[in-house]
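Before reading on, please look over the sequence and the model shown below.

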Amino acid sequence: MPPMLCLIVALNALECAGPDFIQGVVSSESGFDGAVTVVEESVDDGLGVVTVSIPYKDVRGDNKMGQGRIIVRREDLESGKPLPAFCHVHYEKSVGGAREWCQRGWAVATAHYKEGGGEFPIDPSVGDGYNLAHALVQWVRRLPFIDRTRLHVDGGSQGGYMAL
């Protein structure tokens with residue numbers, strides 16, 4: 001292949017893998033309790049990652065804020081078909097951990113925690129952690145590209161209890 005043609009092919013491949021495919025896929029919500037706000041849109045090794053702030057109630061009924069993520073492949077979004085959702089609760093599923101499910105055509109949702117006791121630490125699973133997981137699943141079901149009839153909820157350790 002001539003060098004100029006190789007350069008054009010390489011530039012086209014980079015353009016197709018660019019971060020623009022995830023921009024605007026998930027919208028911030030407003031006007032109701034539980035409305036999420038988009039915090040960040042990025043591409044991590046070919047997967048689109050959208051991080052949102054998720055309001056929820058703690059066990060005393062007070063307002064609390066957590067974060068969640070949805071992770072998807074470009075080709076699945078562009079297929080126009082509703083995607084099944086894999087919701088991993090309590091512990092955070094990394095983008096690398098979500099990759100296997102995304103490669104099978106699933107959108108992966110997970111809570112997102114700030115390390116080192118930051119603004120969004122992990123909550124005990126019984127109570128506040130469960131309420132965040134519930135709010136995450138409700139948000140995912142509202143996404144227009146999700147197939148609401150195909151929802152898988154799982155979790156490790158106490159997240160397994162929460163999934164039940």
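This is a predicted model: local features need pLDDT of at least 70, side-chain atom pairs count only at pLDDT 80 or more; totals for chains, interfaces and linings use all residues.

Residues are numbered from 1 along each chain as its sequence is written, and side-chain values use heavy atoms, with hydrogens and water left out.

Helices (H or I, at least four residues) and strands (E, at least two) are DSSP runs numbered from the N terminus, and two strands pair if DSSP finds at least two bridges between them. Six strands form an open sheet with mixed pairing, in the order β1-β2-β3-β5-β4-β6. Because β1 (37-44) and β6 (146-154) each have a single partner strand, they stand at the edges, and one side of each is left without a neighbour in the sheet. On average, neighbouring strands of this sheet are turned by 25 degrees against each other, direction ignored; axes here are lines fitted to C-alpha atoms, for helices over the stretch in contact, and angles run from 0 to 180 degrees between N-to-C directions.

Within the sheet, β2 (residues 47-57) and β3 (residues 63-73) run antiparallel and are joined by 11 bridges, with Leu47 standing opposite Arg73 in β3. Helix α3 (residues 95-103) packs on the sheet and touches β1, β2, β3, β4 (83-88) and β5 (107-112), contact meaning heavy atoms within 4.5 Å. The direction of α3 makes about 50 degrees with that of β3.

The structure holds 9 salt bridges, a salt bridge being a side-chain nitrogen of Lys or Arg within 4 Å of a carboxyl oxygen of Asp or Glu. One of them joins Lys64 to Asp128, with the closest N and O atoms 3.4 Å apart. Since Lys64 lies in strand β3 and Asp128 in helix α4, this pair ties together parts that are 64 residues apart in sequence.

On a 1 Å grid over the protein atoms alone, a cavity is a set of points where a 1.4 Å probe fits but cannot get out, whereas a pocket is an open set with protein on both sides within 12 Å along at least five of seven lines; lining residues have an atom within 4 Å of a point. Grid points are joined across faces, edges and corners, and a volume is the space filled by probe spheres set on the points.

| Space | Volume | Residues from α4 in the lining |
|---|---|---|
| Largest pocket | about 270 Å³ | 6 residues |
| Largest cavity | about 50 Å³ | 4 residues |

Among the residues lining the largest pocket, Asp33, Gly34, Pro55, Tyr56 and Lys57 lie nearest its centre.
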